[in-house]
Amino acid sequence: MAALRSVVLAGGGTGGHIYPLLAFADCLRRHDPDLRITCIGSARGMESEIIPQRGYELRHVPAHQLPRSVNMNLVRTPDRMYKAAKATRAILDEVNADAVVGFGGYVSVPAYLAAWRRKTPLIIHEVNVPVGVANKMGMRFTDHLVLGFPHQVQQIPAVAGKEVVGVPLRQSIARLDRAALRAEARAHFGLDPNLPTLFVFGASAGARSINLAVSGAAKQITASGVQVLHIIGARNDDVEVPTGLPAPYVKIKFLSEMELGYAAGDLALCRGGAMTCAETAAVGMPAIYVPLPWGNGEQRRNALPVVEAGGGLIVEDGDLSPEWVTQTVVPLVRDGARLAAMSRAAAGYGRRDGDEALRRYLLKVVGA
């Protein structure tokens, strides 16, 4: 097998691209502390805030969002892509890259082009249905596309026969024992150790419709003997929650240690992003998914297999309201037997070894 000395990881823009990249980087580093890991990203993306803080080298390249319609940006795209790919290839040459692994986002495209021109092994990891725009373009340059979920093979004809490796998850989540950490997690947030707990969060930026529905039902939720751990979202406006509630209602802007939230909660109310679905399923977290009401419907497609396996419910964003929370969420979070069955079903669908499976695939490709 060929030696792996230097790997370039490309992805950015949103947490759905960045967090699998980081989890995979951690996996590579665990196996080989001397391996050179270089991350490619944009100076404007979330990756500039997150990746360097995790101790990985981030190299900025000029990246431009791919236009979805005919306009001046489309006319400028070839020249922009040429310059971005040329800059990225210089980085690949400098670090003597043995392979490039891409996780999507428009910043990945220059890395895909550079790897192709340099004849460097290129692997693309995809978690969405349909395939993202950047990764769809990348598929022109490599046959090495791997998937996060089994349902992608069934729903995307173009990826039939591709290998499902799962989604790389950070070790604090992949190894999480929710029951064992529950008391510590609830104490961390100042929650009652014994009350049923609703864990509310959106994506990395939060979800305003979820925030308003739950905060609007705060009196009814807590009056029923249910406490709430509510992540508002770092980029979301704050919401008002009444004071003097009969049970704890803990509201925070952002939570980096999501494993504590999963351990503290009995039921999650959340969006349906690919990372969210991968994490909730892996740790056996019963969840009510509220897919984004716009886009191409990928969040509903992400959540549906978990729901069909028995691990959750789906509610449309337009149907979510304080009344719906009171009538549907509160009885469920108080139903321990049903939550236990949902937890087992979610865990049966999820997987915790996506990082190791992707590493095995990478070694196989480089070795070939």
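**Close-up views of a predicted model**

**View 1. Helix 15, its length and its cover.** Within helix 15, the buried residues are Leu339, Met342, Ser343, Ala345 and Ala346. The cover over these buried residues includes helix 8 (178–189), helix 12 (274–282) and helix 14 (322–333), together with strand 11 (267–270), strand 12 (287–289) and strand 13 (312–314). As a general point, an α-helix has 3.6 residues a turn, so residues three or four places apart point the same way.

**View 2. Helix 16, a mostly covered helix.** Helix 16 takes in residues 354–367, and its end C-alpha atoms lie 20 Å apart, in agreement with the 20 Å that 14 residues should span at 1.5 Å a residue. Most of this helix is covered, with 10 of its 14 residues buried. The buried residues of helix 16 are Gly354, Asp355, Ala357, Leu358, Arg359, Tyr361, Leu362, Leu363, Val365 and Val366. One of these, Leu358, is also among the residues that His125 touches, and His125 is the subject of the next view.

**View 3. His125 in strand 5.** His125 is part of strand 5, which covers residues 122–126, and this histidine counts as buried because its relative accessibility is 2%. A polar atom of the His125 side chain lies 2.8 Å from the backbone oxygen of Gly166. Leaving aside residues up to four places away in sequence, His125 touches Gly102, Phe103, Asn135, Val146, Leu147, Gly148, Val165, Gly166, Val167, Pro168 and Leu358.

**View 4. Glu47 in helix 2.** Glu47 is found in helix 2, which is made of residues 47–50, and its relative accessibility of 1% is why it counts as buried. Polar atoms of the Glu47 side chain lie 2.8 Å from the backbone nitrogen of Gly13 and 2.7 Å from the backbone nitrogen of Ser42. When residues up to four places away in sequence are not counted, Glu47 touches Gly11, Gly12, Gly13, Ile18, Gly41, Ser42, Pro52, Leu58 and Val107. Between the C-alpha atoms of Glu47 and Leu58, which are 11 residues apart along the chain, the separation is 8.2 Å.

**View 5. Gln227 in strand 9.** Gln227 belongs to strand 9, residues 227–231, and is buried, with a relative accessible area of 0%. A polar atom of its side chain lies 2.7 Å from the backbone oxygen of Asp192, and the side chain of Gln227 also reaches the backbone oxygen of Leu195, at 3.3 Å. The residues that Gln227 touches, not counting those up to four places away in sequence, are Arg186, Leu191, Asp192, Leu195, Pro196, Thr197, Leu198, Ala247 and Pro248.

**View 6. The largest cavity and its lining.** The count comes to one cavity of 30 Å³ or more, and the volume of the largest cavity is about 40 Å³. Its lining is formed by Tyr19, Leu22, Ala23, Arg54, Pro168, Leu169, Arg170, Met275 and Glu279. Helix 1 (15–31) and helix 12 are the elements that give two or more residues to this lining, and helix 1 gives the most, with three residues. Sorted by class, the lining holds six nonpolar, three charged and no polar residues.

Notes
Residues numbered from 1 in each chain as written. Predicted model: local features only at pLDDT ≥ 70, side-chain atom pairs only at ≥ 80, totals over all residues. Heavy atoms only, no water. Buried < 20%, exposed > 50% of the residue type's maximum accessible area, 1.4 Å probe, protein only. Helix = DSSP H or I, 4+ residues; strand = E, 2+ residues; numbered from the N terminus. Contact = heavy atoms within 4.5 Å. 1 Å grid on protein atoms, 1.4 Å probe; cavity = no way out; pocket = protein on both sides within 12 Å on 5 of 7 lines; lining within 4 Å. Points joined across faces, edges and corners; volume = space filled by probe spheres on them. Nonpolar A, V, L, I, M, F, W, Y, C, P; charged D, E, K, R; others polar. Polar contact = N/O pair within 3.5 Å; in protein donor to acceptor, adjacent residues only side chain to side chain. Expected span 1.5 Å × (residues − 1).
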